[in-house]
Each structure stands twice: as structure tokens, then as C-alpha cells.
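Here are some questions and answers on one structure. Look at the model first, then work through them in turn.

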Amino acid sequence: MTVELSLTRDPAHIRHGSNIGQPMTRTDGVLKVTGKARYAADNHPAGMAYAVIATSCIARGRVTALDVTAAKRHPGVIDVMTPAHKPELAEDPDAKGNPFAFRMELLQSDEVRYANQAIAVVIAETLEAATEGAALLSPRYQVEIARVGLDAGEAYAPPVVGIGNPAEVRHGDIDAGMTAATKLTDATYQTPAQYHNAMEPHAMVAVWDGDRLFIDTPSQGMGFAQMRIAGLFGIPPANIHINSPFLGGGFGSKGLISGPQVLGIMAAKLIGRPVKLVLRRSQMYGPVGHRPPTRQRIRIGTDDAGVIAVINHEARVTTSSFDDFYEPAADASHTLYASPAIRTAHEAVRVDTGTPLFMRAPGEATGSIVLESAIDEAAFACGIDPLEFRLKNYAEVEPTTGKPFSSKALRQCYARAAERFGWAGRPLQPKQMRDENGFLVGWGMGTATFPAIMFQGNARAVIRADGKGVMETGAHDMGQGAWTALAQISADSLGVDFDQLTFRSGSSDLPDAGIAGGSGHTATVGAAIHNAGAAVIAKLAELATTDERSPLFGAGNAGVVARGGRLHRRDDDARSESYAEILARAGLAEVDATGSGAADAAAQSQYAMHAHGAVFAEVKVDPELGQIRATRLVGAFAAGRIINPLMVQSQLRGGMIWGLSFALHEEAVMDHRSGRILNANLAEYHVPVNADVPPMEVITVDEHDPHVNPLGIKGVGEIGITGSAGAVANAVFHATGIRVRNFPIKIEEVVMRLG
Amino acid sequence: MMNFDYVRPASVADAIAAASEKGASYLASGTNLLDLMKGGVSRPSRLVDVTRLPGLDRIERLADGSLRIGALVRNADLAHDAEFARNYPAVAEALLSGASAQLRNAATVGGNLMQRTRCAYFYDAGSACNRRWPGAGCDALKGENRLHAVLGWSEGCIATHPSDFCVPLVGLDAIVEIEGKGGRRELPLEALHRLPGETPERETALERGDLIVALRLPTEAKGFARHARYIKVRERTSYAFAVVSAAASLRIEDGRIRDARLALGGVAAKPWRAREAEQVLAGAAPDAAVYREAARAALSGAKPSGDNAFKIELAQRIVVRALTLAARGTPDRIPALPGSPFSSVAGA
């Protein structure tokens with residue numbers, strides 16, 4: 001099934017031949033605000049049954065009994081899937097085929113690895129019957145003592161962190177740096193467990209047709225999902241048709257297919273009918289990944305003038321008892337500040353939680369808030385303004401590799417954001433500023449950075465006989481605006497006006513677009529689109545320039561340019577021919593071509609590629625009550641070419657708000673004895689409400705990057721969190737003189753230390 | 001599905017009869033009860049929907065100057081009633097500081113009084129809770145309890161009452177009108193909610209079948225309109241329960257505090273009336289020293305129930321703040337950030 005959106009635009013939004021860079025509103029916006037955008041759980045194929053997961057309320061042990069009889073006796077219950085009664089799988093869900101294959105619980109045993117783990121699935125005619133059936137299972141357990149928190153056990157050195165990064169990196173002579181330093185900042189910080197909490201819960205609507213499988217499910221990586229499902233069910237990946245036109249947020253939690261989604265497919269197979277399975281909010285706290293807690297010790301040594309001599313950044317993280325994902329928190333210190341000696345190292349502790357996974361800026365977010373706080377501490381120790389300190393230690397080349405940056409407009413980011421914010425004249429000492437009502441006022445800043453990552457993606461371009469263009473790519477719109485930004489690139493790549501373009505996406509039947517992660521989707525798929533467009537235009541040009549009857553005859557492929565649905569001679573713009581005319585004369589219904597996008601390994605080996613930014617924050621603090629309120633946020637970011645300024649503003653604002661959330665609000669609270677998450681709901685898991693979000697300003701700094709990819713795109717999905725979290729925390733210090741090193745900053749840490 | 005009877009009685013008498021059966025529960029807007037049912041915390045066998053009972057959705061000014069608020073009046077409607085907000089500004093501010101706009105539009109006055117604690121262990125069916133299951137134990141006691149009670153708690157339960165609305169009300173001597181099997185009776189709001197003691201499962205003084213039909217504010221309650229504030233410290237600016245809150249209502253004449261009412265929220269299993277503090281304030285000149293003394297008196301019986309010693313200090317500071325702001329005078333308009341310490345910040 002192919003999803004096709006009508007992309008007819010208000011003419012005011014059309015810039016002929018130049019869609020990239022225009023602030024177009026979302027092509028799918030009207031569908032979304034009118035409720036016509038069909039999300040996965042909105043699908044109801046004929047004969048569909050409902051599946052509800054029964055979850056474990058212990059964090060470690062075994063299920064010793066389930067009252068399947070009671071559940072089955074409940075009116076409307078069709079079947080109960082348990083370890084003893086489930087479809088055969090072709091592959092062990094605990095097998096580790098590749099670095100992106102994480103273990104999942106598919107009822108392979110009665111073992112409980114974490115609270116909220118699936119222990120059975122009840123399938124019924126109605127959601128209500130399945131829900132009650134799940135309650136009637138009344139599980140009994142053999143409970144083992146749960147391992148909870150960063151001190152739950154012996155720490156060990158993980159083999160790698162993130163995806164394949166070394167757990168320890170050393171650059172230069174650490175001991176020499178420590179000896180050379182005359183001032184040392186040595187601080188230990190803690191960051192909490194966080195959960196993605198996308199508005200849309202993970203959902204699966206599965207329909208089997210023989211050995212073909214049709215599924216509606218939100219996915220940030222349909223190709224990966226196909227491979228995993230294919231392996232588990234022993235069918236070819238091409239037999240799996242995934243429809244995922246819209247996601248109600250993913251933030252990494254939908255990058256890989258999760259256990260509960262696969263359970264929905266198993267349930268459909270078990271009963272031989274279509275099945276829908278949607279996670280409850282509380283069930284999203286466990287099987288779909290999270291950001292693990294970290295404890296980070298960071299030492300920054302400087303000379304008296306504030307020049308950094310050494311950075312030693314160590315992080316302890318938790319991972320699950322049964323799999324390996326290690327938040328690469330300390331890696332944040334690799335790229336930002338020049339230092340002759342840098343060491344980053346990680347250690348890990350196994351706990352009884354689900355496996356932590358990628359959560360928006362994994363490693364970068366946890367590392368950034370600590371690095372930026374510690375840089376603030378080091379600047380303060382040296383008596384230097386935090387911005388001046390950062391400029392003094394500006395990395396002209398990537399510190400740990402010595403590579404030049406492919407582009408780096410960070411200085412301009414600092415300058416523009418600082419000017420806009422009004423940073424000049426900030427008192428160095430904390431607790432110096434009050435507003436007219438007597439509230440303490442503080443200003444803090446942080447540097448933002450995120451690597452320019454690319455995956456592998458493909459696209460197919462078509463020019464039809466009517467002269468219109470079609471672009472097809474199985475890309476993913478998590479809400480970031482892929483439907484719009486990628487269509488803009490498509491229109492330019494095909495040389496057609498925006499309203500002459502059909503853009504197809506969001507389905508695994510289209511060319512694999514890779515994964516929407518690592519802030520690399522627009523760069524990757526954009527490159528694929530660019531190449532597919534160029535290839536199909538080259539075919540058209542070939543047809544025209546080799547045909548004596550064409551006004552373009554003899555111009556040569558490189559001698560024409562595509563614009564507005566026509567090819568023009570480069571040396572004589574008046575000589576042109578429409579796509580329709582070219583195809584009509586050639587007697588062709590259409591001409592098509594494919595293209596792919598991926599990182600250029602040669603360029604990567606030569607250059608360090610990162611987006612950068614600077615964020616400035618103002619907070620006010622009640623001097624007696626300790627209540628904190630952010631009152632201003634200004635960020636300037638340089639992230640290569642900006643495809644759609646509106647979407648980019650939106651992404652960066654969302655990221656900055658998440659940074660604010662990281663510093664002041666967000667935390668999963670886990671009972672230290674049972675390992676149960678106590679605030680697994682949106683009422684008690686606090687993310688900022690509108691009233692917490694201050695006036696914000698986002699500046700994008702022009703940056704031309706000829707090396708990163710053909711379109712010069714670096715990505716903006718995750719960078720907004722980095723820098724912002726530290727900026728808010730540093731502003732709290734500046735307001736109060738209190739350095740809180742446990743995040744989020746809680747009222748008791750402030751109130752008890754205020755006068 | 002989870003089966004239960006659903007009845008929609010036509011009269012208060014029918015409602016009481018329907019709710020007098022074991023396992024029955026009244027249902028108003030369900031902003032709390034339905035969550036409890038979905039979470040498996042509460043499994044009533046019968047829901048008695050009172051939302052269509054006639055005559056309970058009125059705000060009546062009685063001849064003696066008192067005010068009678070029907071139990072089905074919506075929180076938002078009450079807070080936005082101009083005369084109500086003028087006469088009882090701290091109550092309106094407390095109402096608007098609670099929950100979210102959507103919840104306030106649905107929630108009722110009677111339901112607000114009857115909401116259950118937000119203790120996470122009470123909501124977590126996998127944890128031990130004496131309120132949910134008498135004798136089961138209290139997992140909050142040595143658990144994650146930084147926001148739990150510092151006043152009036154027992155080893156059996158350290159939960160707090162979540163209402164903002166009830167805090168200024170209890171200070172204003174609000175009266176609850178109840179219809180029950182034995183007819184109509186009245187109860188001071190202060191006596192409605194119980195401290196846990198040995199029987200934390202008994203949360204209120206209501207008997208089976210009892211229905212709150214109205215809330216009354218006595219004549220004198222209007223006398224505090226010029227000097228009344230509600231201040232609430234919370235972990236985000238909206239849609240969060242109080243870490244600690246305080247409602248201060250003062251009657252100031254000739255530079256002296258003639259009458260003072262003080263109550264605290266987020267500190268105990270009930271909205272906490274601080275009578276010792278009121279004694280300190282009565283007759284005194286309004287100044288910082290007397291506020292601090294009153295704050296100490298208000299928290300004199302407090303002790304931490306876990307990692308929450310800071311709440312005792314914070315509560316005293318909030319008392320001082322609420323008294324200071326109340327003495328300064330009720331603002332002309334309810335602030336855009338009701339109850340927030342930042343309510344005086346421009347643009348806030």
C-alpha cells in the first residue's frame with residue numbers, strides 16, 4: 001500500500017525552481033489538524049481482534065502461575081498467549097545478529113527481567129474484554145531481589161559504548177596535563193533515568209495473508225524492522241509490508257521494532273485474524289528503551305590564564321541484566337574544547353530494567369549537561385566570563401583526532417546569540433542580579449554540538465508523460481517534517497514546481513530510506529533524492545540533446561538545466577523544452593531513475609563533521625522558596641544548509657525545551673527496593689507545560705559545508721537539547737551561587753542552601 | 001470487560017439508596033475515579049452517576065450572607081464566577097492553580113473534596129498500601145517519599161491530601177452538607193478528611209451512602225477578601241500537585257490583625273488548619289517577625305516521614321510568604337499564574 005499525499009500548495013508558498021530554503025508550512029498539517037492523518041492505531045481491518053499485554057509487576061524473578069482459565073472464561077476473550085502457548089518463532093528473540101539487534105521479550109520463557117515486561121497477551125473481541133482478561137491472569141511470582149540504580153552491583157568496563165565507539169579514548173598525556181594544570185575542577189554529577197514518552201504509544205495492527213504480513217505500526221526504520229521481523233518469523237523481508245506514514249513522536253524509541261510490537265504480530269498469527277495491540281502509557285516504561293541514569297566525574301585542569309590543559313571525563317551508566325547498550329555520555333568531551341590531553345572513559349552496572357536505548361541525543365544530552373556545567377565551574381574557578389573561557393579554548397581542529405572541521409560557524413553562533421541575549425556586562429560573581437520584584441536572576445550559557453551522521457538511503461524518481469514529477473522513498477515523518485522538507489528537495493531535484501510533484505513516502509514498499517535517527521534523515525534521504533533526481537534529469541537530457549528535433553540538440557548533458565518542468569540550455573536560456581514535450585516525442589509514458597545517499601567515507605576520514613550552536617538562558621529564582629523559573633532562552637545554531645526554516649525552528653525549539661526539561665523537570669522515579677517505576681504516567685513524569693516554557697528565540701547561522709554531503713545538510717533533530725540543558729543549570733548557579741550536580745535540579749537542593 | 005452496574009438516579013434519595021450497597025461508588029466527572037478504575041486500584045461494583053441530579057449545580061447567596069455551592073458546580077465555573085472570586089479570592093486562586101484547564105472544566109466541587117491521595121504507592125497496584133488493602137503495609141514509608149507528609153502521619157500511612165481548593169476552604173470554616181440514610185447533616189470541612197492513625201483506609205468521616213450535596217461558606221468568610229492569598233510551590237507551573245502550599249486569610253483593622261486564618265496543603269493526609277499559628281497572629285501587628293513566629297507554630301508538630309525534612313523548612317517559608325502577600329493586599333485580578341510565587345512577575 002502506498003500512501004500518497006496531495007501536495008497542492010498555496011501559490012504564495014511556491015518559489016519557482018527554488019523550494020529548498022523556503023519556510024513552507026507542513027504539507028500534512030491540514031490532515032493532522034483535521035484528524036484525517038491516519039496513525040497506526042487508527043486502522044481497523046475487517047475481523048480485527050484486540051490484544052492487551054499483561055505486564056510483570058516485579059523487576060526480577062519468574063512467573064510461577066497465570067490464571068489462564070479465568071482469563072479465557074471471560075466473555076469476549078479469544079485466546080491467551082503465554083510462554084506455553086504461542087506461535088513458533090524461527091529465531092531466538094535473544095539472538096544477537098547485528099549491533100542493532102537488541103534482545104526482546106516474546107514470551108520465550110517465564111523469566112522476568114524488569115518491571116512492566118510482557119508476561120502474557122490476552123486477545124479478545126473488544127479492548128475492554130482483553131483488558132479485563134489481562135487483569136484476571138493474576139500472576140504469581142518467584143521474586144528475586146531487584147538490582148536498582150547506579151550502585152546496584154560491580155561496575156565493569158563495557159566492550160563498546162553507543163554503537164561501536166570505544167569505551168575509553170585517550171588523547172595526549174593525561175598525567176602531564178594534570179601536572180601542568182594550576183587549577184582543577186573536579187566534580188561529580190548525576191543524571192536520571194528518562195523515558196521517551198512520545199505522545200503516540202507504540203501500536204501494531206497486523207494482518208497475515210499466508211506468509212505475507214501487512215502491518216501498520218509507527219517506525220523510524222522500516223528497513224530494519226522488516227529484517228528483524230523476517231528473521232523472527234522465517235519469511236523473506238519483501239513479504240513484510242509496513243505502513244508508517246505518521247508517527248506521533250519517536251525520539252529513538254521507534255527506531256527499532258520493539259518486543260510489544262512483535263507480540264502484536266504473534267497474536268495475529270496465533271488466532272489467524274487481524275490484531276491490534278497498543279501499549280498503555282505505563283507499559284512504555286520498560287520494553288521500548290530509555291535514557292539510563294549516569295554518574296559522571298569530570299576533571300578539567302587549566303593554567304592560570306584559563307587555558308585547558310586536560311579534560312578527564314568518566315561516566316558510569318546502567319544497562320540491563322540481559323543485553324548491552326551503553327550510553328556514550330563521556331564522548332561529549334571529544335569535540336568541543338581544545339585540550340592537549342583528553343580522556344573519556346565509561347563503566348557500567350547491570351540493573352533490572354529494560355535495555356536502555358537511543359533517546360534523543362543519546363550520550364550527547366547526558367554528556368553535554370555535565371560538560372557544560374563543568375566548563376562553567378572551570379571558568380568560574382579561573383575568574384573568567386563563561387563565553388570568554390569557551391572562546392579561549394575554542395577547538396580549531398577536532399581535539400581528539402586533529403582533523404579539520406568540514407565547517408564550523410560556532411564563533412558566529414556565540415556572537416549572534418550573545419548579542420541577541422544581551423550577555424555583555426554579565427557580572428562574573430553569582431547572586432548579583434535581582435529583578436524589580438526581588439527575584440534572583442541568573443544568566444547561563446552552554447555550547448551545543450551534534451555529529452553530522454548519515455545512514456544509507458534510497459529514492460526513486462519519475463518524470464511522467466504529463467511533465468509532472470514523482471519521488472518515492474520509504475522515509476519516516478516522526479513529526480519533524482519529512483513530508484515537507486524531503487518534498488522540497490524532491491521538487492528542486494526534479495526541476496518541477498512544488499504543485500507538480502507527487503511525493504510518496506512512509507511505506508516499506510518504497511525504496512528503503514534507512515533509519516530516521518542520528519539527526520541524519522534529511523541529509524541521507526535528501527542525498528538519495530538529489531541523486532535520483534539528477535539521474536532522471538540526466539536521462540531526459542540525454543533524450544533531448546541527442547534528438548535533432550529538440551531545441552536542446554547538441555547542448556550535451558551538462559549543457560542543460562532543469563527548472564519549472566523544462567530543460568533550458570545553460571548558454572541560452574530562451575532555448576528550452578518541457579519534460580512533456582521531450583517524453584511525447586520519444587514516445588515514453590515515463591522515465592525513471594534511482595539514487596542513493598550515504599556518507600562519503602573519504603570526506604569523513606579527512607574532516608570532522610559536526611553541527612554547533614550556542615544557547616543562553618535566563619532564570620529567576622525565588623530567594624526564599626527556591627522555586628525556579630526559566631524566563632528567556634536564546635539559541636543560535638549552525639547546521640549546514642537549512643532546507644525548511646520553519647521546520648528547523650520547530651526542531652530546535654523542541655530540543656531546547658527538552659534541554660530545559662532535562663535541567664529542571666524530567667526524571668523517572670524508581671522504587672529502590674522493587675525496581676518499579678513510580679511515575680509511569682504523564683501526570684507525574686514531569687515534562688514542561690506551556691507555562692514553563694519561556695519566550696524563546698532561535699537563530700540559524702548560515703553555514704556552507706562543501707564536504708558533509710552534496711546538499712550540505714548537517715541535521716537539527718537532536719542538537720537543541722545539548723547546550724540548552726547546561727545553559728539552564730548554569731543560569732541557576734549564577735542566580736543563586738548554588739551548584740546543583742544532581743539533575744533535574746530539585747527544590748530541596750536549592751531551598752535548603754538559600755539564606 | 002470489568003463489569004459494574006451503572007445507575008443514574010433521578011433524586012438524591014434514589015442516589016443514596018443506590019449507593020448504600022457494598023462496593024458502590026458515586027461518580028461525578030470521574031477525573032480521579034476513572035483513572036483509579038483503569039489502574040485497577042478501585043474496582044467498584046456499582047457506579048452511581050450523580051451528575052444529573054437536579055439542583056446541585058447552583059451557587060446560591062443566602063440571606064444571612066453565607067454562600068452555598070452545589071456539589072456539582074464545576075471547578076472552572078466557580079473560579080470564574082466574578083462575585084465568588086471577589087469575595088473569596090484565595091479560594092478562586094487555589095482552584096485555578098490546580099490540575100489543568102481541561103480537568104477544571106470537568107471536575108466538580110464535591111469530587112474535589114473526595115479525591116484520593118496521589119501517593120504513587122497507592123496508585124501502584126503492585127506495591128503495599130494500607131489505604132488500598134488494610135494491613136498490607138506501607139511501601140512509601142521507606143520508599144521514595146520526598147514529597148510525603150510531615151504532619152499528622154502515622155507508621156501506617158504517610159500520604160498527603162492533594163487538593164488545592166480545600167486548603168483555603170478549611171481556613172474559612174467551610175461546612176459540608178451531606179445527605180445520607182439518616183437524612184441531612186452538616187460537618188465542618190476540617191472534620192471531613194481523617195488523619196491515618198491506625199485506620200488509614202478510612203479516609204473521610206462519610207458513611208456508606210453519604211452524598212456531599214453542597215459546600216457552605218459562612219458569612220464571616222467574606223470578611224477576609226481584602227487580604228487573602230494562596231501560594232503553591234510545585235515542580236512545574238501547571239498540572240502538578242503542591243510540594244507545599246499555604247492559604248492565608250487576614251482581617252486587618254487599624255494596623256492590627258483582627259483575625260487570621262491559615263491552612264497548609266501537601267503536608268498531611270488532610271488540608272491542614274494551623275490554629276496555633278492563627279493564635280500567634282491574632283491581635284498582632286502584621287510584620288515579618290510575627291509571620292516567622294506563626295510559621296514556626298504552624299509546623300511545630302512536624303517531623304519528616306522520610307526524605308522530606310526540607311518540606312518542614314519550605315512550609316514555614318511559604319507560610320511567611322503567604323502571610324506577607326496577604327497582608328500586602330489581595331491583587332485586583334487573579335494572577336495569570338495562579339498560586340505561583342512568580343505570579344507577580346510581569347508577563348507571568
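Q: How much area do domain 2 of chain A and domain 4 of chain A bury between them?
A: This model is predicted. Of the area buried between domain 2 and domain 4 of chain A, 64% is on carbon and sulfur atoms. The total is about 560 Å².

Q: Which three residues in domain 2 of chain A lose the most area to domain 4 of chain A?
A: Look at the domain 2 side of this interface. Three residues together make up 53% of what that side buries. They are A:Cys57, A:Phe251 and A:Arg281.

Q: How many residues does domain 4 of chain A give to the contact with domain 2 of chain A?
A: Take the two sides in turn. Domain 2 of chain A gives 8 residues. By class, those on the domain 2 side are 5 nonpolar, 2 polar and 1 charged. Domain 4 of chain A gives 7 residues.

Q: How many salt bridges cross the interface of domain 2 of chain A and domain 4 of chain A?
A: Polar contacts come up here too: 1 residue pair is in polar contact across this interface, both at pLDDT 80 or more. For salt bridges, the count is 0.

Q: What distance separates the centres of domain 2 of chain A and domain 4 of chain A?
A: Domain 2 covers 41-145 + 201-284, and domain 4 covers 403-453 + 599-755. Their centres are taken over C-alpha atoms. The separation is 37 Å.

Q: What area do chain A and chain B bury between them?
A: The size of an interface is often given as the accessible area lost when the parts come together. For chain A and chain B, 55% of that area is on carbon and sulfur atoms. The total is about 3400 Å².

Q: Which residue of chain B meets A:Arg676 in a salt bridge?
A: The count between chain A and chain B is 5 salt bridges. In one of these, the side chain of A:Arg676 takes part, at 2.2 Å from N to O. Its partner is B:Asp124.

Q: Is B:Arg229 buried or exposed?
A: B:Arg229 lies in strand β9 of chain B, residues 228-233. Its relative accessible area is 6%. The cut-off for buried is under 20%, so 6% makes B:Arg229 buried.

Q: Which side chains make polar contacts with the side chain of B:Arg229?
A: Beyond its neighbours within four places in sequence, B:Arg229 is in contact with residues including B:Ala90, B:Leu325 and B:Pro331. Two polar contacts involve its side chain, at 3.0 Å and 3.1 Å. The partners are B:Glu93 and B:Ser343.

Q: What separates the C-alpha atoms of B:Ser11 and B:Asn308?
A: B:Ser11 sits in the loop between β1 and α1 of chain B. At 25% relative accessibility, B:Ser11 is partly exposed. Along the chain, B:Ser11 and B:Asn308 are 297 residues apart. Their C-alpha atoms are separated by 46 Å.

Methods. Residues are numbered from 1 along each chain as its sequence is written. Chains are lettered from A and ligands numbered from 1 in the order in which they are written. This is a predicted model: local features need pLDDT of at least 70, side-chain atom pairs count only at pLDDT 80 or more; totals for chains, interfaces and linings use all residues. Side-chain values use heavy atoms; hydrogens and water are left out. Helices (H or I, at least four residues) and strands (E, at least two) are DSSP runs, numbered from the N terminus. Buried means under 20% relative accessible area, exposed over 50%, partly exposed in between (1.4 Å probe, protein chains only). A polar contact is a pair of N or O atoms within 3.5 Å; within protein, one must be able to donate a hydrogen and the other to accept it, and residues adjacent in sequence count only if both atoms are side-chain atoms. Contact means heavy atoms within 4.5 Å. Buried area is the accessible area (1.4 Å probe) that two parts lose on being put together, summed over both. A salt bridge is a side-chain nitrogen of Lys or Arg within 4 Å of a carboxyl oxygen of Asp or Glu. Domain bounds come from an automatic or database domain assignment. Ala, Val, Leu, Ile, Met, Phe, Trp, Tyr, Cys and Pro count as nonpolar, Asp, Glu, Lys and Arg as charged, and the others, Gly among them, as polar.
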